[in-house]
Amino acid sequence: MTIRNQRLLGVSGLVLALGLSAFGAEALAQHQLTGRVVDERGNSLPGARVSVPELGLTTSTGRQGEFTFPSLPAGEARLEVDYLGLPTGVRGVNISASEANTITLTLAADADGVDRIVITGSILDGTARALNQQRTADGTTSIVSSDAIGRFPDANIAEALQRVPGFGIARDQGEGRYINLRGAPSEFTAVSVDGTNLPSPDGSTRAIDLDTIPSDVVNTIEVFKTLLPDQDADSIAGAVNLVTRSPFDTPRLRINASGGASYNEFGGTNDYRSSLVISNVFGANGQFGALLSASYSRTDRQVDNIESEWELENVGGVDTWVVTENQFKDYDTERTRTAFTGSLEYRPDDATRFFVRGSHSRFRDDEYRNLFLLTYDAGSIVTATDNTATWANTRFEKELRHRTVENTITTLAAGGEHDFGGVELDYTLSWALSEQSYPQRNQLQFRSTLRPTVSYDYSNPDQPAITIFQTAEHLNLGAYNFQRLDERGADTRQEEWAFRANAQFAGSLFGRSATHRFGGAYRNRDVSFDDERYRAAAAQAGLYGPGVPMSDLLGTEPSLNFNYNLGVKFDPRLVDAYFNSVRPALRNDPARLLRPASLQGDYTGEESIYAGYGMTRVEMANTTVIAGLRVEHTEFDGTGNRFSTTTQTATPVSASQSYTNWFPNLTVRHEFNENLVGRLALTRAISRPDYEDIVPRISANDGPGTRTVSLGNPDLRPTIANNFDAGLEYYLRPLGLVAINAFYKDLEDYEYTLRSSGTFEGDPANFTRPENAPGGFIRGVELTWQQTFDFLPGMMSNFGVFANYTWTDSEMELGRTIAGRSVVPLQGQSDYAYNVALFYEADRFSARLSYNDRSDYLDALDIEEPGRDLYWEGREQLDFTAAFEVTSQFELFLEAKNLTNTPGVRYFGERQRVYEYEEFGRSVFVGLRFNY
């Protein structure tokens, strides 16, 4: 442990010890007051600042607008409620010494001549809810409300988060999938639903596929950029909590529904989307609540894609970058998302709550991919420069892949909360299951007997000139013969059970109000990955070949990938019928099972995490200090396979890990005044290795020649980060924010992949294995500006702006010099990311024009060859949304997405060496919302 960490641990432990010794030493008062703050329609107002000015006491409202003062003197008290976007409310209350003290405070939309600021259900209402919760939070937090999500054309959670300061997203075929928070890899951000941690459906990473979860099933997205001791420590970048709706958000019958359809520029296809939320409270005193929500969407898209594989070759004694392969991919995809959430809650009184909550999200990607494959290095180089080349004896193939992948994420949680008057207790038992499966993953390939000479010119790296599209040998259908049939199935399953309990005690420290909080958690996760691969090559054509010429499996639809004439597409009905006819025989033939590939990557694992913490929260005038300590003990047992190519058998190999980590925490929040808030945090966090990297698996291809061997590393250590965060936030009246937040993360044992050479089973081999880097850092600054232009005259006062900018920098020390470098950037880190949105809102009409951009970032690191580091080019996108309130219950809305038709581009090392170029087109969505 470094001296800096020892000091941090010591300071936190000292303050915590003082807090524990002072607990119960002095009671501030004797009587508890609980209450709720709502607007005129009964909607909860979270994040409202509630104070008793004469006593110098302040608290804030929770998600359902609830608040508690643990101890007030009997008699009259004056409560003051401050909520951005609404006039301040003041109310007197009589604190009884013999009866329960409860109160409901309603903030009027206008008072004392103050104009209405918040329009319920509008852009500004969502902004007000977010800003009020951010302002009163102890740590650095970003909040996104469902109202704000609905005003952007963001169909899934990843795309909704791209609007939040500090976030960038990684896309798949134009849709957001993974998130990068504050320049960190996706695995550095934990994701939960109502506090239940989500396992990843993808067995290769801990990062969550957030395109699985539609955005319209959540009520609020909470982003914790600094953690407190009572939060799980596995969030180096931050933690994202998806809060689903509660029937007590608005305790009455509530019905929300929406639906609509789009027109997509590419292919002239249509998307469909609908959602429904029904909730109500019932019982003699409204003590029971129930809620059910459902969401469905279907996206039909056509995507044009070109991929180019680059290698460094010696041509005439000169190292030259050459393209060794082109893949022209013509996609027809149908993506469906189905999601449900449910909640049953029982609140017999203001001091007791019980709940059962659940969620289920299912993502299905059904994709037909027509591929034209041009393999240059099957022949030989004639001439080459870094941009042009001529290859003799090239090879080309046509292929159809029908791949269906399904992701499901399910959560269930039950628990309770109790307030015993000065002592609060909460507990939760939760279960989460994430699965990924491939009901279909079939590839049918035909190879041409023609071997022409082909030249290319990459003067335009996005759409290079290639001579085969002039000579048209690839259109000679009679030259194609059956080459190969592949079928693959893979199943990933991650299941977690968890129990958490927390106790909170009111007390004092040095004559100041203090709260002491203690708790523990147990998490147990079982993970497994099972891969099966089958192949029938041309040698088995009599049994598995289609028995007909390739031309008999083609349809009539042309395949025009950008400006390249690829011929005509395969008819999916004919090819699916062929797949279905041969699948039973293929799967029942042991000779067609690719045993090495099917067994070497399989693994199982069990991870148990035991956690405990203690923390003290002290209020000193306008300053709040939180100090505490968390400890987490991790045990992991994993099993992989060691496959022998000699005996064709797999031997299970097991390994275990066990380690304990300490996480001291010091968080300070200071109100310079009611509008200016400063925060500082010293924290520590962890990112555990991906499961496939720590199990003792061995994956190796068969010879001849040099073999490629991928190994797990059971000795891989988790990445630890020591974090410093500081920020200032100024809240503009009536509704706005100007903020700056700076952060620095000192990394230890960052994980990266290293390739080396050696021998494997007597053959020369190239090894790939994850290793730990000794150190590194991530640093950056976030700037935020949100404001309504109410100070302008006339219609101009209806305008406003949302804007944020994030600058990040990162560095990983390899601890050795490889290929001339000892320092590399982190995956997922962009130098900058920003959002600018201009909005207009009148009584019945609102509109928003939004622009999002992030700079280039590293996608995959090639340690041994820097020129093959794979980057995503920065991508900007312009979107427009508008809504018109037809009646108080019906609203028409329009969403126009990707108006800039910005492509997705990946490249090796330099922008000239484009690896992937694809376009998705624009789309326009029109729909109707109903609110009751």
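Buried means under 20% relative accessible area, exposed means over 50%, and partly exposed lies in between (1.4 Å probe, protein chains only).

## The model

This is a predicted model, in which local features need pLDDT of at least 70 and side-chain atom pairs count only at pLDDT 80 or more, while totals for chains, interfaces and linings use all residues. Residues are numbered from 1 along each chain as its sequence is written, and side-chain values use heavy atoms, with hydrogens and water left out.

## Overall form

The protein contains 9 helices and 49 strands. These are DSSP runs numbered from the N terminus, with helices (H or I) of at least four residues and strands (E) of at least two.

Along the principal axes, the C-alpha atoms fill a box of roughly 95 × 60 × 50 Å. The radius of gyration is 30 Å, which agrees with the value near 30 Å for a compact globule of 932 residues. This radius is taken over C-alpha atoms, and the globule rule is 2.2 Å times the number of residues to the power 0.38.

## Burial and contacts

Of the 932 residues, 57% are buried. Among contacts with a separation of 6 or more, 70% are between residues 24 or more positions apart; a contact means heavy atoms within 4.5 Å.

## Salt bridges

A salt bridge is a side-chain nitrogen of Lys or Arg within 4 Å of a carboxyl oxygen of Asp or Glu. By this rule the protein has 77 salt bridges.

One of them joins the side chains of D172 and R335, with 2.3 Å from N to O. D172 is in strand β9 (residues 167-172) and R335 is in strand β18 (residues 318-349), so this pair links distant parts of the chain, 163 residues apart. D172 counts as partly exposed because its relative accessibility is 24%, whereas R335, at 2%, counts as buried. Both residues belong to a network of salt bridges that also includes E175, R177, D211, R337, D365, E367, R401 and R403.

## Two further pairs

E397 and R447 meet through their side chains in a salt bridge of 2.6 Å, N to O. E397 lies in strand β22 (residues 395-419) and R447 in strand β23 (residues 423-448), so the pair ties together parts 50 residues apart in sequence. E397 is buried at 2% relative accessible area, and R447 is partly exposed at 23%.

In the salt bridge between R488 and D531, the closest N and O atoms are 3.2 Å apart. Strand β26 (residues 480-509) holds R488 and strand β27 (residues 512-537) holds D531, so parts 43 residues apart in sequence are tied together. R488 is partly exposed, with a relative accessible area of 22%, while D531 is buried, with 3%.
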